Amino acid sequence: MWIYDKKLQYPVHIKNPNPQMAQIIMTQIGGPDGELGASLRYLNQRYTMPTDEIKGLLTDIGTEELAHIEMVSAIVYQLTRGLTPEELKKSGFDKYFVDHTTAIYPASASGVPFTAAYFQSKGDAFADLTEDMAAEQKARATYDNILRLADDPDVIDPIRYLRQREIVHFQRFGEAMRMVQDRLNSKNFYACNPSFEKKCGNHCPNRCKHH
Amino acid sequence: MMHNQNQLLRMIQKYDFALYDLMLYLDTHTQSREALALFDKYRSQRQQAVDEYTKRFGSLQAIQNQNPNQWEWGKGPFPWEREAN
């Protein structure tokens with residue numbers, strides 16, 4: 001279960017609305033490398049992880065990603081306050097506005113709605129953790145692109161924070177990957193699936209005896 | 001020193017951030033005594049700040065409600081609003 005904490009993980013206080021910037025940043029809510037996909041990826045993958053430590057890690061990172069959805073949503077919400085129809089048309093935000101007004105809806109910057117096809121839950125610890133490491137790098141690269149386009153310090157500050165978290169998560173997933181490898185026959189990481197085969201690990205199944 | 005609501009909230013956010021980051025670290029370094037000691041230290045400092053905040057400004061979690069006359073959980077501003085930050 002989860003319990004709501006009535007605060008952001010890191011403060012968001014944006015003085016000047018900027019709907020064009022909101023359109024770009026919303027991709028980190030419901031876009032291909034966004035926080036919603038990240039959260040669902042880890043929270044769904046955790047069930048079949050082979051060790052308790054990694055189940056815990058995916059639970060905790062998946063939970064932090066929920067807080068990041070809220071932070072990015074707060075940025076988008078604050079960037080779209082008090083807009084006039086003129087500003088909406090000029091900024092190009094009118095296309096989002098016509099469907100959602102200024103509500104938060106998970107979609108990419110180009111308007112593609114969120115889809116679970118953005119992530120996989122493979123039930124194979126190596127496949128899943130490799131995807132998780134790549135996902136953190138892709139999200140980091142997206143934040144880098146946002147920082148190339150942003151000029152408001154009120155926006156840049158929380159975006160830099162979120163970018164930094166991707167790097168920490170990448171590091172932790174790398175360690176998790178190493179933990180799974182260490183449990184296996186070091187010469188034969190892929191001989192069995194530690195998420196599925198109970199005897200995969202220190203007790204190597206019959207078919208990897210020849211190693 | 002008496003902190004205002006915003007200062008206290010910032011303090012809690014800082015402690016919570018440190019604790020969360022340590023938590024992820026401990027998930028993959030379960031025997032790090034240094035990290036465990038830091039976690040313990042920040043947890044007690046955080047608790048003091050949360051107790052003071054809850055007493056003066058209301059609850060950050062619904063379960064912390066202490067007012068016998070009123071349910072204050074629904075009182076804004078909510079975290080995503082500029083006024084809350």
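What follows goes through the chains one by one and then turns to the place where they touch.

A word on the ground rules: this is a predicted model, where local features need pLDDT of at least 70, side-chain atom pairs count only at pLDDT 80 or more, and totals for chains, interfaces and linings use all residues. Residues are numbered from 1 along each chain as its sequence is written, while chains are lettered from A and ligands numbered from 1 in the order in which they are written.

Chain A has a mean pLDDT of 92, with 92% of its residues at 70 or more. For chain B the mean is 94, and 99% of the residues reach 70 or more. One stretch to read with care is residues 207–211 of chain A, where pLDDT stays under 50. The model has 9 contacts beyond four places in sequence for that stretch, a contact being two residues whose C-beta atoms, placed from the backbone, lie within 7 Å.

Now for chain A. What is its secondary structure made of? It comes to 8 helices and 0 strands, taking helices (H or I, at least four residues) and strands (E, at least two) as DSSP runs, numbered from the N terminus. Read from the N terminus, then, the elements go α-α-α-α-α-α-α-α. The C-alpha trace of chain A spans about 70 × 35 × 30 Å along its principal axes.

Between α6 (94–100) and α7 (125–149) of chain A there is a loop, and Thr101(A) sits in it. Thr101(A) is not a glycine, yet it has a positive phi of about 55 degrees.

Further along come two helices that pack together. Packed helices in general are described by the angle between their axes and the distance between those axes. Here the axes are lines fitted to C-alpha atoms, for helices over the stretch in contact, and angles run from 0 to 180 degrees between N-to-C directions. For α7(A) and α8(A), the angle is about 160 degrees and the axes are 9 Å apart. That makes the two roughly antiparallel, the word for angles over 145 degrees; those under 35 are roughly parallel, 65 to 115 roughly perpendicular and the rest oblique. The crossing of α7(A) and α8(A) is left-handed, meaning that the near helix is turned anticlockwise from the far one by less than a right angle (clockwise would be right-handed). The contact of these helices has 17 nonpolar, 3 polar and 7 charged residues. For these classes, Ala, Val, Leu, Ile, Met, Phe, Trp, Tyr, Cys and Pro count as nonpolar, Asp, Glu, Lys and Arg as charged, and the others, Gly among them, as polar.

On to chain B. Its helices α1(B) and α2(B) pack at about 150 degrees with axes 9 Å apart, so they are roughly antiparallel to each other. Their crossing is left-handed, and the contact residues divide into 19 nonpolar, 2 polar and 4 charged.

Helix α2(B) covers residues 33–57, and its 25 residues reach 35 Å from first C-alpha to last, close to the 36 Å expected (1.5 Å times one less than the number of residues). Just after α2(B), Gly58(B) takes a positive phi of about 100 degrees. The segment after α2(B) also holds Pro77(B), and the peptide bond from Gly76(B) to Pro77(B) is cis, with omega near -5 degrees.

Finally, where do the chains meet? In all, 27 residues of chain A are in contact with 16 residues of chain B. On the chain A side, α4 (52–79) and α8 (153–183) each supply at least two residues, and α4(A) gives the largest share, 11 residues. By class, that side has 13 nonpolar, 5 polar and 9 charged residues.

Helix α8(A) also packs against α1(B), residues 5–28, at about 15 degrees with the axes 9 Å apart. That makes α8(A) roughly parallel to α1(B). The contact is made by Val168(A), Arg172(A), Glu175(A), Ala176(A) and Met179(A) from α8(A), with Asp21(B), Leu24(B), Asp27(B) and Thr28(B) from α1(B). These residues divide into 4 nonpolar, 1 polar and 4 charged.

Definitions and conventions:
pLDDT = per-residue confidence, 0-100.
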